[in-house]
Amino acid sequence: MANTNSNQSSTAASEQKRPYTVVKGSLSSLAPKVRSFIEEKAAICQPDNVYICDGSDEENQQMIDTLLENGMIQSLPKYDNCWLALTDPADVARVEKQTFIVTKEKRQTTPTTLNGIAGQLAKWMSPEEFSKQFDERFPGCMKGRTMYAIPFSMGPVGSPFSKIGMELTDSAYVVVCTRIMTRMGADVLKTLGDGEFVRGLHSMGRPLPLTKPLVNNWPCNSEKIMVAHIPDKNEIASFGSGYGGNSLLGKKCFALRFGGILAKREGWLAEHMLILGITNPQGVKKYVVAAFPSACGKTNLAMMTPSLPGYKIECVGDDIAWMRFDSEGQLRAINPEAGFFGVAPGTSMKTNPIAMKLVQSNTVFTNVAKTSDGGVYWKGIDDDAVSPGATITSWKRQENWQPGDKTNPAAHPNARFCAPAAQCPIMDPAWEDSAGVPIDAIIFGGRRPKGVPLIYESFNWQHGVFVGAAMRSEATAAAEHGGGKKKMIMHDPFAMRPFFGYNFGDYLRHWLSLEPSPHKVPKIFHVNWFRTNDEGEFLWPGFGENVRVLSWIMDRVANKDVAMESPIGLIPKPGSLNVEGLGDIDMKELFSVSPEFLRDECVEIDKYFKEQVNEDLPREMWQELANLQARAKKM
Ligand SMILES: Nc1nc2c(ncn2[C@@H]2O[C@H](COP(=O)(O)OP(=O)(O)OP(=O)(O)O)[C@@H](O)[C@H]2O)c(=O)[nH]1
Ligand SMILES: O=C([O-])CC(=O)C(=O)O
Ligand SMILES: [Mn+2]
């Protein structure tokens, strides 16, 4: 590496000639692979300082102090150790169009679309193009800044399920959030030894001195955002965004996109799924996983307070599940994360009291509004969130924001809280069990204002895989498609559209390959909490009432005779879904499936499969579509 022109001094003789100072930890104490990774990337990014994180409380305090000094966070004195970050309004969500998988062959990453139609599944970049894009961004990108080296484990440190990563970043916000979201620090380095690890490089892309002023004190380079994954090198390179899924590389980049590639190779599953335990009044406990697209209800279901007496919900995870079949053929899941990065708007004591209790301490909020007495505020929060006489400052720093202002929402619709799982009041006793919890049902779902019933069960595993493949959902503010006035219904197979790390056709083949014995494959269901009436109001009360649907799922897992056939799948027999005490619910409308809707849906799925997956679609999926078409015709 280039170590000329050094005018920095360092205590360790071996580090004297480096152009940067190691301000915390020492390179010479690191395992050779870790050390050379840091040295190689520091030589390119040219930070002033290198800081090797140990995950301690003192270190975290230092990060908080740095962020306060830079105006990147503010304190929230109404709570205990809680902070508010307000981003540049150009950096508020994942950027799917700038997220790439770099492989030699395009087809490794994504199916060849029909007649060159633009692909909607994983975006491919060639290694040559990546080199060029990398060189336009990373050299010198950390000048004047500190490069933090964060060792982290996805999954409990030392569990056979777990995998280790190292993120290099120039953002102290990323350090603070990674400490919440993963197991991070010195223990991880010990466990790693000189073993292999996922290499993450992240930069906000704003070296010092600045060439133009920051917006909101939030360094980012939104015109040059790139989130690239290079599976052959076990490397992730993320530039230009400080936000969530773009910058916390352990989450979507590692646990889902790389996790998926590894899972395919090694015979397991890495999915965008919550994991929960449900105990019924008879004391029977089951665990289920559920995949809903971003901002479609995973966190809320995983932390639900059940409305029916005698039921108990316990949370294992709210966003990502790593699952494998054990030697008895039982599917088992772990949550690779250690924190929640949850959507704030809509969260209240009414909808999600557990989350409200969770975020009273040790939480970083991003892009929510602040009250003058140092609390948080967003659309849907409880009325008493604003103390008498207090005023609200919006996420865009608009003072004296008035409730009812629809053009300028108080909080960004993708505003988030980042909070440690360990302090969630209903964490499952087994949430860190390294063997994982046994899974008895897989649930898919999405936002479908029209046509799709509240709950149905697939006829079998292959049909269930088709149900996952055919998933569609209304766009949300979690990425750049959403937030607009007219909400599009987008295909989002398995709730994984933004998170596939390899060809979707191969992903489907992988799921299909899991069925044969000794694997006891779980039943597969589809739910829709978001069906609306003609006035656009939700037909189903959702949230804690969703336990009624989970209870029916439990009955089906116990093979109770409570289901009947319909053209799209098995639906509850009349009277088998407990709606007691719900008042005026239009059950007929909630469960109706019209022939016109189903035929249109078939046309749309057929088009998507043909155009987007084309020759890579497994023939079993064509067969399932033909079966659905035939059932629709008979209606
Ligand atoms: N009407 C209705 N809204 C819900 C329900 N569950 C969740 N929501 C709302 O949907 C939004 C997103 O919910 P989350 O639970 O945070 O979604 P998520 O799937 O965890 O989102 P990501 O973290 O982006 O993956 C929030 O505003 C919730 O209040 C429900 O059952 N009914
Ligand atoms: O990745 C993020 O920024 C947040 C998240 O969980 C999602 O979008 O699914
Ligand atoms: Mn998510």
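**The shell and the metal site**

Modeller: The shell around ligand 2 comprises 3 nonpolar, 4 polar and 5 charged residues. This is a predicted model, in which local features need pLDDT of at least 70, side-chain atom pairs count only at pLDDT 80 or more, and totals for chains, interfaces and linings use all residues. Residues are numbered from 1 along each chain as written, chains are lettered from A and ligands numbered from 1 in the order written, and side-chain values use heavy atoms, without hydrogens and water.

Colleague: What makes Gly244 one of the residues that surround ligand 2?
Modeller: A residue is near a molecule if one of its heavy atoms lies within 4 Å of it. Gly244 is in the surrounding set, as are Phe341 and Ala478.

Colleague: Which class does Gly belong to?
Modeller: Gly counts as polar; Ala, Val, Leu, Ile, Met, Phe, Trp, Tyr, Cys and Pro are nonpolar, Asp, Glu, Lys and Arg charged, and the others polar.

Colleague: Why is ligand 2 said to lie between domain 1 and domain 2?
Modeller: Domain 1 (21–72 + 95–254) and domain 2 (270–335 + 431–634) both give residues to its shell, so ligand 2 lies between them. The bounds come from an automatic or database domain assignment.

Colleague: Which residues coordinate the manganese ion (ligand 3)?
Modeller: Lys252 (NZ), His272 (NE2) and Asp319 (OD) do so, at 2.1 to 2.6 Å. Donors are N, O and S atoms within 2.8 Å of the metal (3.2 Å for Na, K and Ca); water is not among the atoms, so sites may look incomplete.

Colleague: Why is the arrangement around the manganese ion (ligand 3) called irregular?
Modeller: Its 6 donor atoms subtend angles of 72 to 171°. Six donors count as octahedral if opposite donors are over 155 degrees apart and all others between 65 and 115; four count as square planar on those limits, or tetrahedral if all angles lie between 85 and 135 degrees; anything else is irregular. The angles therefore make the arrangement irregular.
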